[in-house]
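This report describes salt bridges and the surroundings of a ligand. The structure is shown first, and the description follows.

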Amino acid sequence: MTLTSAGPVLLAQEEVDSFWRDGYLLIRGVLTKKEAKYFAGLILDLLPRDLSIPEHWEAFDSRFKPFSAPGNQTFDGPEFIPLYQNERLYHVMAQLLRSPRLLVRDGSVAITMRNDTPHDSELSQPLHIDPAVPEDVDEFLFTPEEVEIGGCYYFTDVEPGGGALHIVPGGHRIVEEEARAVPHGRQLHDKWRTIPHLKSVEVTGEAGDFVLTHHLLPHGASHNRRPAARVAQFFRYARDDQPWSVGSRPGDRPADRYYNDTQTAAMTPLGRKLLGVDPW
Ligand SMILES: O=C(O)CCC(=O)C(=O)O
Ligand SMILES: [Fe+2]
């Protein structure tokens, strides 16, 4: 293992190149099968026993998005903290973002259950991006500091047609090209919430894998045609010099988003920095 200022180098140069070329990369076995099963169980246990779906959750096309409270998608109770501070994922992110000083956010979860209804598209959600750049900003900067890398853990095996994340290979470069070509590039395609003209492919994987995605990579959720539910959790990592203040720096976070004692007790020294409890 080679050491750099960003810590251990975990990805081969070929993988680094393929991430920047394609805008995504599957990192295999970030979690063991046993760990993945544990987290799948935690998330499936959010479903009420009588299957009455809480009003404040989202439920589209058999894709359920639990909310921890009305308006809050983040699951960051002590049991989830190990995922935010996973060392392997952190070092991969630090290698790609070329900085050890990262912040983590999101923590939303999704359960996609079997849905046999025929549809014209395999997507259950239009292709879109969730960029680090706020919607009221007119121009992307396209600087290295602006890049956020997100993606999701698969806690279940995701086979073809099994509700995989769909992505547009190289689509982050198309977004950049289109946005640079006009004034107010951030505002194109309804603020990039619906990108109708690109073609996507699914990213299958196994329980414990993490699908890394560039923040400008068009992506969307797909229907699950298989018996097994797909269980995933989303995270995003940005440098602490990210220009749009999207990180969870203490000063940026509303008071009700500060962590309680059970959460901080679950944090490692690295986790405390990633979650903005301690400064870098
Ligand atoms: O569930 C998925 O596969 C993708 C979800 C997504 O991109 C989103 O909700 O923004
Ligand atoms: Fe998304």
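A residue counts as buried under 20% relative accessible area, as exposed over 50%, and as partly exposed in between, using a 1.4 Å probe and protein chains only. The model is predicted, so local features need pLDDT of at least 70 and side-chain atom pairs count only at pLDDT 80 or more, while totals for chains, interfaces and linings use all residues. Residues are numbered from 1 along each chain as its sequence is written, chains are lettered from A and ligands numbered from 1 in the order in which they are written, and side-chain values use heavy atoms, with hydrogens and water left out.

**Salt bridges**

A salt bridge is a side-chain nitrogen of Lys or Arg within 4 Å of a carboxyl oxygen of Asp or Glu. The count by this rule is 15 salt bridges.

| Pair | N to O distance |
|---|---|
| Arg 21 and Asp 22 | 3.1 Å |
| Arg 193 and Asp 190 | 3.2 Å |
| Arg 239 and Asp 241 | 3.0 Å |

In the pair of Arg 21 and Asp 22, Asp 22 is buried at 18% relative accessibility, whereas Arg 21 is partly exposed at 45%. Asp 190 has a relative accessible area of 44% and is partly exposed; its partner Arg 193 is partly exposed at 36%. Arg 239 is buried, with 12% relative accessibility, and Asp 241 is partly exposed, with 35%. Elsewhere, Arg 105, Asp 106, Glu 148 and Arg 236 form one network through salt bridges that share partners.

**Ligand 1**

Which residues are around ligand 1? With a heavy atom within 4 Å as the cut-off, they are Arg 63, Gln 125, His 128, Asp 130, Leu 165, His 219, Ala 221, Arg 230 and Phe 234. This shell holds three nonpolar, three polar and three charged residues. In that grouping, Ala, Val, Leu, Ile, Met, Phe, Trp, Tyr, Cys and Pro are nonpolar, Asp, Glu, Lys and Arg are charged, and the others, Gly among them, are polar.

A polar side-chain atom of Arg 230 is 2.7 Å from one ligand oxygen atom, and a polar side-chain atom of Arg 63 is 2.8 Å from an oxygen atom of ligand 1. For His 219, a side-chain N or O atom lies 2.9 Å from a ligand oxygen atom. Ligand 1 taken alone exposes 300 Å², of which the protein buries 89%.

Methods:
Polar contact = N/O pair within 3.5 Å; in protein donor to acceptor, adjacent residues only side chain to side chain. Areas by Shrake-Rupley, 256 points an atom, 1.4 Å probe, with all protein chains shown as cover.
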